[in-house]
Structure formats: structure tokens, C-alpha cells
Amino acid sequence: SALQWSDDTVAVMDSTTYSSLQLAINAIPANGSGTITIVKDIDIMWDSVVIAGGKTLTLLSDGAHSLNFDKVSGQACIQVYNGGKLVLGTEDDNDNVLTITSKVSDTSIISISSGSTSNSSFVLNNSILKVAENTSVRSGIVTLWNANFEMNGGTIQGNGDRMLFTRGICASGLSAVVMKDGMIKDCVGQYGGGLITNDTATFTMNGGTITNCIGEYGGGLHAASTSVIKMNGGTITQCKAKNGSAVYLNPNCSFQMSDGA
């Protein structure tokens, strides 16, 4: 369907075409919302994609397209802050999947941050977040500070390289992560391969799978500071670590399991 747009069109919002994703985001008013559809593969060099000013962005894909970051000058490929919200895909669409790939070392793919309150958020429905070979990440593929993350599907994928940290999720401050479905796989981190919770952050696993992740302290999950992990469902499997292949708990942290495996 991209054939109906001009050659320089990469994104569409309300029938208006844009030659870059950031231009389309800039067209959303402050504290407003918009749905942007990617209509072809996009290669981004140097610039980060920024969602701020209380904007709510739903990002969809018209077909199986990719968003490829080669070099980035900021701390993350996609930055959401100052009350911004990002929703990737829809829960009932498994055909039009957007794959976001980073070749940038020491930089997260998505960073969600707020000030003293958790007013920035991220919802992952059906997209793929993936780091390339020979690539590391700064804290996690998804990094959260005082922010909320709901994972209803999709995939967070590292490169499985023991020499390069590609941890799945790093949640710090007042952050809250809820995993309902989807998969975290092939991720590596010294303290938590799949996920680490810091400070008073919480991780609630109601479904989904964490698999084939590697860590020295916690292959699947690592809880630090006074953080809390609740497992109500889902599966942690085939993870490896020197200490705690599935879960590693520091003192003053808690792990509550009512279901799952």
C-alpha cells in the first residue's frame, strides 16, 4: 500500500504524509494524541526520536516494516519523557508488525522517564525491539525511570552474546512494569539478563515468557534495593546464571509467586 504515497513518504497521520517520523510526531499538539502509521522501512542516522510535551503516540505499521537506528547522539534511540506516552502496535494485529533494530552500542532502544511522578508510559503490543550483533545497550533495551511499562505482546530480543550486555528491561525509581504476554529472550546482563528492578520499582508477571537469558546474578530476573517482583503467571525458562538462573534477590527485596512456572 506504500505505492499510493510519494517516494519520500515514510509516515502517515490523518491522511497527511511526512518524510520523517519525527516530523509526524512534531505535528501532534502538546498534550494531544495521534496515530502514526509507518508505510515503509526507515533508516535513522544520528537523530533520536523524541516524544514529549504530554503527547500520546500510537505507532502502527502498514505491513511488516522496520525502523533501523544506525547512530544516535542521545541516550536512547527513542526517548519518551515529560508526560509522553508511546503505544507500539495493537493487541489484535499480528500481521503488521514493526521491527525496531538498533546497531548503536551503549544506548537503549527505548527510554521512558518522568520527574517525581510516573506520568510517562510505554505500551508494547505487537512490535519487536531487537539489538543487532556486536551491539550492547546502556542499561536495558527498555530503560525506565519513574515510568510505567505494560507489555501485552511483542518481543524484546538481545543478541545472546555473553561479552555484550543487552539486558531486556531496566526499571528504576518508582517504575512499574506489568508483563501480560509477549517474550523477552536472548538478553544478557551481569545483574539480571531479562530484567532488573532497582529502588522501589515493581515487576508483575501475569503471562508471557522470559527465555534464554544470561546473567551472573539472575539470568531471568534480578531484584535490587527494595524492589518487588510478583509472578502470577507466565514462564521463566532456559535462563542461565552463576547465581539464580531464574531469579536473584538482594536483601530487602521480595519475590511473590502465586502461579506460573
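How many bridges join strand 24 to strand 28, and in which direction do the two strands run? Three bridges join strand 24 (residues 214-217) to strand 28, and the two run parallel. The structure is a predicted model, in which local features need pLDDT of at least 70 and side-chain atom pairs count only at pLDDT 80 or more, while totals for chains, interfaces and linings use all residues. Residues are numbered from 1 along each chain as its sequence is written, and side-chain values use heavy atoms, with hydrogens and water left out.

- Strands here are DSSP runs of E with at least two residues, helices are runs of H or I with at least four, and both are numbered from the N terminus.
- Tyr217 has Asn243 in strand 28 as its bridge partner.

- Eight strands make an open sheet in the order 4-7-10-13-16-19-23-27, and the pairing is parallel.
- The edges of this sheet are strand 4 (42-46) and strand 27 (235-237), each of which pairs on one side only.
- On average, neighbouring strands of this sheet are turned by 10° against each other, direction ignored.
- Strand 4 is joined to strand 7 (residues 65-72) by five bridges, and the two run parallel.
- The bridge partner of Trp46 is Val72 in strand 7.

- Strand 6 (residues 56-61) and strand 9 (residues 85-88) run parallel and are joined by four bridges.
- Leu57 stands opposite Leu86, which is in strand 9.
- Four bridges also join strand 9 to strand 12 (residues 120-124), again in parallel.
- Lys85 has Ser121 in strand 12 as its bridge partner.
- In a regular strand the side chains alternate between the two faces of the sheet.

**Aromatic rings**

- A pair of aromatic rings is described by the distance of the centres and the angle of the planes.
- Rings of Phe, Tyr and Trp (its six-membered ring) pair if their centres lie within 6.5 Å; planes under 30 degrees apart count as stacked, over 60 as edge-to-face and the rest as tilted.
- The count comes to three aromatic pairs.
- Tyr191 and Tyr217 are a stacked pair, because their ring centres are 5.5 Å apart and their planes lie at 10°.
- This pair links distant parts of the chain, with Tyr191 in strand 20 and Tyr217 in strand 24, 26 residues apart.
- Tyr191 is partly exposed at 36% relative accessibility, and Tyr217 is partly exposed at 23%; buried means under 20% relative accessible area, exposed over 50%, and partly exposed in between (1.4 Å probe, protein chains only).
- Tyr217 also forms an edge-to-face pair with Tyr248, at 5.3 Å centre to centre and 70° between the planes.
- Tyr248 counts as partly exposed, with 24% relative accessibility.
- Tyr191, Tyr217 and Tyr248 are linked into a cluster by ring pairs.

**Salt bridge**

- The structure holds one salt bridge, a term for a side-chain nitrogen of Lys or Arg within 4 Å of a carboxyl oxygen of Asp or Glu.
- The side chains of Lys180 and Glu150 meet in a salt bridge at 3.6 Å, N to O.
- Lys180 lies in the loop between strand 18 (176-179) and strand 19 (183-185) and Glu150 in strand 15 (residues 147-151), so the pair ties together parts that are 30 residues apart in sequence.
- Lys180 is partly exposed, with a relative accessible area of 42%, and Glu150 is partly exposed at 29%.

- Ala171 lies in strand 17 (residues 169-172) and is buried, with a relative accessible area of 0%.
- Apart from neighbours within four places in sequence, Ala171 is in contact (heavy atoms within 4.5 Å) with Leu144, Val177, Ile196, Thr197, Asn198 and Ala201.
- From Ala171 to Gly244 the separation is 73 residues in sequence and 19 Å in space, C-alpha to C-alpha.

Technical notes: Pairing = 2+ DSSP bridges. Axes fitted to C-alpha atoms, helices over the stretch in contact; angles between N-to-C directions.
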